Amino acid sequence: MRNYLLVICLFCSGLVLAQDKVITGKITSSDDGSVLPGVSVLIKGTSVGTTSNVDGSYSITAAGSGSTLVFSFVGMNTIEVAVGSQSVINVALVNNLTELSEVVVTGYSTQKRAEFTGSASTIKGRGIAERPVQSFGQGLTGQAAGVNITQPNGLLNNPPVIRVRGLSSLSLSSFPLVVVDGIPIATDNISGNATTNNPLGDINPSDIESIDILKDAASAAIYGSRAAAGVLLITTKRGKTGNAKVSIDSWAGISNAVRVPKVLNAQQYMDHKNGAIANALLLNPNAIAPTARDDQNRSFLPTYNADGSMVDTDWADFIFRTAFSQNHNVSLTGGSEKTSYYFSAGLTDQDGFLRANSFQRRSARLNMDHKATSWLRLTFNINYNNSMNKAPASGSNPGGAFGSSGLGRLAMAQIPNLPAYNADGSYNVEGNAIGRKSNLLPAQFSNPAVLIDLDKNSSENNRLISNLGAEIRLMEGLMAKTTYSWDRRNTEDIRFWNPINGDGFSTQGDAYNRYQRADNWNWINTLSYNKSIAQKHNIGVVLGSDVQKRRNTYWGAERQGLADFFFTDFQGNFGTNLAAGNSISQVAYEAYLGSVSYNYSGKYFLSANYRRDGNSALSADNRWGNFGGVSAGWTISEEGFFKGSSLSNVMTSLRLKASWGRVGNGNLSSAYGSYSTFSSSLYGAAPTLAFNQAGNRDLKWETSDQTNIGLDVSFLNDRITLEANYYNKDINNLILDVPQAPSKGIPGNSILSNVGSMYNKGMELAITAVPVNKGSFSWTTNLNFSTNKNMVTSLVDDNTPILTNTSGLEATNITKVGYSAAQVYGVKTAGVNPENGRRIFVKTDGTQVQYQHLGGANAWTFMNGTATTSPSNQQQILGNTLPTWYGGFNNTLKYGNFDLGINFTFSGGNYIYNGSRAGLLDQRIWNNSVEILNAWKTPGQVTNIPRAVYSDNISNGSSFLISENLEKGDFLRLQTATLGYRFPTSVFGKTGITGLRLYAQVNNAFLWTKYSGVDPEISTNGDSNLASGIERNSIPQARAFTFGLNLSF
Amino acid sequence: MSRIKISTVALALVMSVSSCSESFLEAVPELDLSDASVFETPARVLSQVNGLYGSVKNGNFLGGRYPIYNDIRGEEFVNRTTNSVTGFSVYQGNPDPADTYVAAFWNQGYLSINRVNLFLEGLAANTGKIDATLATNYGGEAKFIRALTYFSLVQIFAKPYALDNGASPGLPLRLKGETTAAGSVLARSTVAQIYDQILKDLNEAETALPDTYATPLLRTTRAHKNTAIALKTRVLLAKRDFAGVITEGAKIVSAAAPFKSPNRVAHELQADVVSVFRAPYTSVESIFSFPMADTNAPGTQNQIGFYFNFGNAEYFLNNSGAGILADKTWSATDDRRTKLTTLNATYGNLVTKFSNVSPFVDYVPSIRYAETLLNVAEAEAEAGSLTRARAILEAVRKRSDAAYQFGTLDKAGLIAAILTERRIELLAEGFRANDVLRRAQPLNSFGAGTLIQPTSANYVFGIPTTEQQTNPGL
């Protein structure tokens, strides 16, 4: 074809006049510098043109210096260059980010974006692979409209919280369905100990070609019961016909903790705490035992080092470090006409800024396609990897916030006038805490040195994900496709707690190992038919079935009481052996699906899909559900009246689309929620049976009705494109752990039931533009902005809210009708009484009361001094925790061989409960933030920190949540800044190297926020729907600097 | 292979039910038993009975925190670790209705009550599945457990009976099994009504229970007739029904020294008080105890030895002021001082009654003959024979301190001496706060540094927030 065109062009050129000059040049991709064959080169205003050769070069005879060349290519922005006096014009084409011409991977098929009537975002894998992340999800922040991502904290491989168009459920998972090359895979944190193990970390980001995020029901409904929270479709790289190409991608870098709270040093600590003790003794002579204070009533006294200096330990410095990480990936791709292949091997070795925290992954992938006959095509994917997660107890994994061995907390709260080691180098310990040295009161928290050195937590995956597929062309337009996928993960969780200090102290050493075997298979069969009638009527039909079974078995044991402290492993000798971590669960899904799409002349689009879904986790009578969606689109710009209008000179395309659909949510938290059961245990040595679950035999589908109305418009030859969507997700029959009056004695005080409803509404806007595109200099920019309004419209009844705890201890959140889910719930405060330095609390009726710690019968008084009772049950709704707006602003600038990427993310409209601040101001033996220096001292003093009374755990919010620690969570972050340089191909000579790019990147470069905690992007409770927006003792986020290279042969 | 054949195969693949049988979507729990099967065999019914004991034995309830929290509310202990997870707020007299661990008393208590109710209903619905005598015995055990549970709850979540003869709001009285979402709303019955139900259950249990069991272990860890009677002396004492205490006491306490049970199991004090708290924990002094084992321990931060002994020494003994350790009437040579407490340089004075640290397998005594004796002595001193009261008091004291002389004691002095004896004898066994409250006296909270008056809101624990929010009938 290309030769044929060339012949025409040559023929044409023979006709032009002799004064014309010959222009030559080379056309490359600005993305990776590779040459672009087949690019159309046209002299503007004429039909004279050519296309580039296999090596990207072209030659054209232009009609004098006044003419302009137009370079255009599928998937790239068109560029125009005035000839002027030049005779050599080299151009670099910029990728067209809007990809209107590209395909969208939807359920069970692909569609051209121009014909797609649903709502989906496509993200290229490349940018993610360059980032120092453990799983691809962390790299999606700010990349797609309608997709909000929160990294809970800086613990490596902590699963990000991903929300597509808001919260999709209350009790069931709101994490989107993740489908890798066709197979849905598990997403929760699977670690059995203090590490976090995100199973998505098993997918090497370098292997990802693209990620399609299906957001509305019309696109996602084909995944029926699985799609309520949206769908992330991961497509891995595949081979291309052509010579073998080798790519090497590497990066290495360092990371540090940022925004670590500033706490008192040793001298400040002693002065402050002794002052608080003096205040306490005035109120209660028993506050400190006489033996725990000296003759001046001081309990905290300096300890000196051998060199005479005072011990002053910066525990954050001790617990955090500058960490080194590296990542390498090699891939080989190529193929013949019949067979193509992609092979890659990856190694990543990342250390966290938290000592003893690391992540390693070794992976290999082979993807092959083979055209066996003209009608049979086979695909094979095989991916094997080993991921090793290691972490100390950090208090930063979900459920771990209050651990007294959590290093995130110890970095802030450990006593600064104590050393980690004794003068002889041994650990400074006393009982289960750090040794008190000169202090007269004993410490409470463990010695971090012991925990870092001697405790072990790891969670290691060995995983095989494989697919085998066949595509059979039965007749023109009719394809049968079958894919069998198998995902097998074996995980070994290892935990060892040392007997000297920490969680293993009371058991004299404790080893807990657990083995997980997760087996997941999926078989999909589809028949698809595409037919074009009279070149106007285009019809597509898909029919299929999808069955999947997941079976997880866990077994383990816990061993306690080390026979000798010599042993540091489970395999050593212990006194007590216990069964631990044993469970079996199984879920099966079965579905039948069909979809029809029709378009007329590329102008009018209609599609419908239907799916019947069965789920073993629902009750026998209700386990089948019917789901589906319809959508329509109108491409106005294809109409004759539009093409003839003057508008078409500016506006390249204009399209309206709308969709409605219903999907289900089958991600039940329990595989057996419909059964009433008795569990077996022991009473002494006698076996027992006890009622342990009240099942609901009527448990049925939770459904989500989703409406999407959208507008796609582009201007100036697609140089500016805009996509806007309005969405409304109406979620009904919410499956809730409906709270039961505890006095009923229902196990867990809840029964899974279908009650309640909720909606998410919002707008999404994505603008992509190429403001500058001049040969050597280009700037592409993408701004996406989304809003979300979540509202719970019904629960069991209006007066029965759902209360949620943080780490099972502190009541922090409430979900109530008429509010968005997971509001912060606590007692209002109104500053500090300047007269006496007491914290003022506000009851629900507005009455103010004040608190005097150790005040006995007068601990709680009205402002006039008369005694009253604790306002701890006077909680009010304090603020929403779900962001109401968020987005990203992504820019790529290219100049010559340099490229500069600057990506911002922003989010806001939400509140965060800064529970860590409650701890940092707690008046027990814990260290305090420097903020405590503002504590009230003299009558009349106006301050927001109450008078410090030793052991006061109420005034600052440790005992029950107070509004004093509620803060706004708005922020703007410079997420990544990347500067790259691509070496010109001329320097490689005959080395065989075809491309080399070096880059430097900074992640989490800057953060603009008024939030005073470690980071406004935080989630101590991980992926929890009902306890979001809480910071409690979590470690901060990292800032990372990396250097990388992309090398190809 | 023709296209037609391929088409047929492909169509068959898609259209067949993907070779899925009806059972493909069946996934039943593999590690828990269906509620429909738990009365199928006599062994399972027995397992359910043991499950009822196991339910109240839970470390968050009677097997751990319940007795611990009763001890740390008073004047005997000083907190060492300021940890809210190990009772610091309760110690300071500030327990919040939202406090997870106080709520756990309520939750685990009512879970146990519901399990009892379901069991009694199941027993009635499955007659013939097990031997009739055994069914009667099991019913008695269930009622004993329900009585013990209601009594444990009413003492901490409601104003004492003594304050107003039980007129205060008590607890929601749940006597029917609950398995569905219906019926959350239920008002509180009065304290007196709860006491009536407790005594009704105990009287019925006394009739239904066996005289004893085949082994000392079973006789200590499961209820028999004397167990129900012993608990009745405790309940009636709290109700200030002193005549009732004396009547019930007569069934298991002989009229004169040496005091021992004349009926069925011959309960009596052991010569060496220490032996009661050491393996095998099954002497006749231990009327009812919760067994512990490596594989059935109280759980993290629930173990008495973790709180009061070297486990973690969360609380040490108050050796000054009002603390019992500083009481001059507790002589330095008393076995209970010399052998059941110790002075540690790091931690201070510790109780060593619960001597095991990891694994914490000391049995937790729930009803001990020494307590029953002191119940009877107190009733006799209040409303019966001062002579017998004194004789019982001396029996308890002289077992540990043979040389001790009480001297002259009038009625008030005798009652005071008996109450002091309880503090010494029952130290760290979970009696302190309940002993103060049942007499409607102010609670001398060392942690709060003040007396907590009966009129004060924090004299008893508030109804947990979760109950308040789900049961508007309260």
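Guide: Let's start with A:Tyr913, which stands opposite A:Ile1030 in strand 56 of chain A. Keep in mind that this is a predicted model.

Visitor: What makes strand 52 and strand 56 of chain A a pair?
Guide: Pairing takes at least two bridges between the strands. Strand 52 (residues 911-914) of chain A and strand 56 (residues 1030-1031) of chain A are joined by two, running parallel, so they pass the test.

Visitor: Why is strand 52 of chain A called covered on both faces?
Guide: A residue is buried if 20 or more other C-beta atoms lie within 10 Å of its own. A:Tyr911 and A:Tyr913 on one side are buried, and so are A:Ile912 and A:Asn914 on the other.

Visitor: What is on record for residues 452-1004 of chain A?
Guide: An unreviewed UniProt entry places "domain: TonB-dependent receptor-like beta-barrel" there. In the model, that stretch is 59% strand and 3% helix, with its end C-alpha atoms 26 Å apart.

Visitor: Over to chain B. Why is chain B called as compact as a globular protein of its length?
Guide: For 474 residues the globule rule gives 23 Å; the radius of gyration of chain B is 26 Å, which is close, so the label holds. The chain has 19 helices and 11 strands, and 58% of its residues count as buried. Its C-alpha atoms fill a box of roughly 110 × 50 × 45 Å along the principal axes.

Visitor: How many residues make up the contact of the two chains?
Guide: Chain A gives 95 and chain B gives 86. Among the elements giving two or more residues on the chain B side are helix 1 (3-15), helix 5 (100-125) and strand 1 (33-34). That side divides into 36 nonpolar, 36 polar and 14 charged residues.

Visitor: Which scores does the predictor give the complex?
Guide: An ipTM of 0.94 and a pTM of 0.88. Chain B averages a pLDDT of 93, and 95% of its residues score at least 70.

Terms used
Residues are numbered from 1 along each chain as its sequence is written. Chains are lettered from A and ligands numbered from 1 in the order in which they are written. This is a predicted model: local features need pLDDT of at least 70, side-chain atom pairs count only at pLDDT 80 or more; totals for chains, interfaces and linings use all residues. UniProt positions are given in the numbering used here, feature names are shortened, and annotations may be inferred rather than shown by experiment. Helices (H or I, at least four residues) and strands (E, at least two) are DSSP runs, numbered from the N terminus. Two residues are in contact if their C-beta atoms, placed from the backbone, lie within 7 Å. Ala, Val, Leu, Ile, Met, Phe, Trp, Tyr, Cys and Pro count as nonpolar, Asp, Glu, Lys and Arg as charged, and the others, Gly among them, as polar. The radius of gyration is taken over C-alpha atoms; the globule rule is 2.2 Å times the number of residues to the power 0.38. A residue is buried if 20 or more other C-beta atoms lie within 10 Å of its own, exposed if 12 or fewer, and partly exposed in between; C-beta atoms are placed from the backbone. pLDDT is the predictor's confidence in each residue, from 0 to 100.
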